[in-house]
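Me: I'm new to this structure and would like a close look at one part of it. Could you walk me through the surroundings of the ligand and the sheets that go with the chain?

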Amino acid sequence: MLLKTLNLQKSFGKTHVLKGISLEVNEGEVIAIIGPSGSGKSTLLRCLTQLERVDKGTIEVDGIQMVGMNGEKAVYADNKILHEIILKVGLVFQNFNLFPNFSVIKNIIHAQVKVLGIEKSLAHKKAMELLEKMNLKEKATSYPCELSGGQQQRVAIARALALNPRILFFDEPTSALDPELTGEILKVIRSLAKEKMTMVIVTHEMAFARDVADRVIFMDDGVIVEEGTPEEVFGNTSNERTKEFLQRFNQN
Amino acid sequence: MTIDNVPLHLLIPDMLEASVEVIKIFFLTIIFSIPLGFIVALARRSRFRIISFPTRIYQLIFRGTPLMLQLFFFMYGPYYIFGFSFNRFTACILAFVINYAAYFGEIFRGGIAAIPKGQYEAAKVLGYTKLQTFLHIILPQVIKHVIPATGNELMTLVKDTSLAQVISVPELFRVATNAGTRYFSSIPIIIAAPFYLIMNSVVEVTFKMIEKKMDYYKN
Ligand SMILES: Nc1ncnc2c1ncn2[C@@H]1O[C@H](COP(=O)(O)OP(=O)(O)OP(=O)(O)O)[C@@H](O)[C@H]1O
Ligand SMILES: [Mg+2]
């Protein structure tokens with residue numbers, strides 16, 4: 001098992017956002033997380049990628065304890081272990097967050113060299129391979145501001161992949177894109193799924209979730225309401241909240 | 001050659017020499033006040049009020065009182081407080097550096113605040129340390145962001161050097177006014193204008209060049 005969380009809880013001030021999330025992700029699995037706005041999907045990904053701290057619960061990544069419980073309180077591992085763990089995960093943001101001052105290729109090389117200490121020529125080779133895979137080889141020397149949203153997002157995926165993460169998280173990777181550009185991102189994610197890349201994808205693209213995911217998780221109001229194969233969740237769910245969400249979604 | 005009884009062949013070399021003094025004040029102020037301004041900006045952003053609040057008060061005082069007064073203060077203040085004095089030039093540089101660091105602090109603070117949170121978050125998840133994030137990712141973007149305002153500030157600095165006359169630093173304006181008194185003429189002061197204008201043209205052109213050089217990407 002690559003990721004295991006138990007009873008994660010997170011509040012912002014008085015707002016209780018995550019109300020006990022237990023989740024397991026196996027090697028090679030693709031998980032889609034769906035749910036209404038404000039249900040805590042982004043917060044969950046941000047807790048798993050160390051951008052937020054949980055209040056309670058445990059997180060284990062690739063067998064290493066990231067957060068444990070000591071009585072009533074969550075206790076984080078020390079910084080060295082947290083750094084080791086962060087290298088095992090990658091995150092693709094809704095709005096890409098490429099480094100605008102770096103060229104496309106440098107966005108992909110830089111962390112390899114500075115963070116992993118990989119030799120520059122090797123990092124360059126790897127970056128070119130990834131760009132080739134993303135069908136962006138000719139954009140290597142461009143700057144992010146010169147690319148379309150879809151191209152920027154593919155660079156962001158390549159940048160994350162360059163560090164060989166064990167799990168890749170996506171937070172609505174297509175929702176900042178024009179509808180005609182979402183296809184190219186979904187295609188990339190599909191091809192990663194074929195290569196058995198472990199991925200957890202928050203998405204509003206129901207057809208895509210149904211098609212690519214091994215398992216679908218429906219979140220509402222800070223809890224996992226239902227979880228199952230795409231057929232179970234989309235096909236004939238017996239859960240009223242899931243039903244209502246999917247119906248409302250189909251109407252839009 | 002003389003105009004209005006002013007011997008230009010004597011005045012111009014004096015003014016050139018005085019311009020060197022202006023350039024000295026200009027560069028020394030830059031060298032010290034820009035790094036100091038960065039520290040001020042970071043201090044202002046500190047989570048600890050014990051750091052950010054006094055920094056804000058310092059900025060308020062030095063942006064809120066005349067630079068001329070600050071020059072007097074650094075020239076004569078230490079004697080009354082500590083019983084010693086800096087020499088003229090040191091007092092002058094101290095006043096300029098501390099005054100301009102307060103302004104640069106404000107400019108750089110704005111530049112740092114303009115960098116989206118997503119940049120820090122992306123860097124963090126990629127495993128960059130805080131220092132690496134600041135040096136490689138944040139700082140270059142901040143620099144690009146603050147170039148125009150910094151250029152503006154440095155043009156003001158060139159003109160502000162004329163205030164150093166109040167503590168008798170032999171800079172351009174003092175040499176011009178002294179000559180004006182000596183020859184009963186306003187010609188020396190008028191001649192000073194193109195000197196300032198030329199120096200500021202150099203500043204302006206340099207900053208336009210830097211801006212253009214950094215134009216290869218957009219934030
Ligand atoms: N930094 C924060 N400070 C305070 N409240 C926050 C913060 N981040 C998120 N929240 C709150 O937490 C709740 C869950 O937000 P979250 O972004 O996780 O939802 P989401 O499921 O990703 O929604 P969406 O589909 O709109 O992206 C919301 O009520 C939001 O207002
Ligand atoms: Mg979200």
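Reply: A word on terms before we start: two strands count as paired if DSSP finds at least two bridges between them. Keep in mind that this is a predicted model.

With that in hand, take β7(A) and strand β8 (residues 167-171) of chain A, which pair in the parallel sense over 4 bridges. Across that pairing, Val92(A) sits opposite Phe170(A) in β8(A). Both strands belong to an open sheet of 6 strands with mixed pairing, in the order β7-β8-β9-β3-β10-β11 (chain A). Its edges are β7 (89-92) and β11 (223-228) of chain A, and each of them pairs on one side only. From one strand to the next, the twist averages 20°. Lying across β3 (30-34), β8 and β9 (198-202) of chain A is helix α6 (residues 179-194), which runs at about 150° to β9(A).

Now for the ligand. The residues around ligand 1 include Phe12(A), Val17(A) and Pro36(A), a run from Ser37(A) through Gly38(A), Ser39(A), Gly40(A), Lys41(A) and Ser42(A) to Thr43(A), and also Glu172(A) and His204(A). By class, that shell has 3 nonpolar, 7 polar and 2 charged residues. Helix α1 (residues 41-48) of chain A gives the most to it, with 3 residues.

A backbone N or O atom of Gly40(A) is 3.0 Å from an oxygen atom of ligand 1. For Ser39(A), a polar backbone atom is 3.2 Å from a ligand 1 oxygen. Glu172(A) uses its side chain instead: an N or O atom there lies 3.2 Å from an oxygen atom of ligand 1. Taken alone, ligand 1 exposes 630 Å², and the protein buries 59% of that.

There's another sheet to look at. This one is open too, with 5 antiparallel strands in the order β2-β1-β4-β5-β6 (chain A). β2 (15-25) and β6 (73-76) of chain A each have a single partner strand, so one side of each is left without a neighbour in the sheet. Ignoring direction, neighbouring strands here are turned by 25° against each other on average. Strand β1 (residues 3-12) of chain A pairs with β2(A) in the antiparallel sense over 8 bridges, and Gln9(A) has Lys19(A) in β2(A) as its bridge partner. Helix α2 (residues 79-86) of chain A packs on this sheet, touching β4 (56-61), β5 (64-70) and β6 of chain A. The direction of helix α2(A) makes about 130° with that of β5(A).

Methods: Residues numbered from 1 in each chain as written. Chains lettered and ligands numbered in written order. Predicted model: local features only at pLDDT ≥ 70, side-chain atom pairs only at ≥ 80, totals over all residues. Heavy atoms only, no water. Near = heavy atom within 4 Å. Polar contact = N/O pair within 3.5 Å; in protein donor to acceptor, adjacent residues only side chain to side chain. Areas by Shrake-Rupley, 256 points an atom, 1.4 Å probe, with all protein chains shown as cover. Helix = DSSP H or I, 4+ residues; strand = E, 2+ residues; numbered from the N terminus. Nonpolar A, V, L, I, M, F, W, Y, C, P; charged D, E, K, R; others polar. Axes fitted to C-alpha atoms, helices over the stretch in contact; angles between N-to-C directions. Contact = heavy atoms within 4.5 Å.
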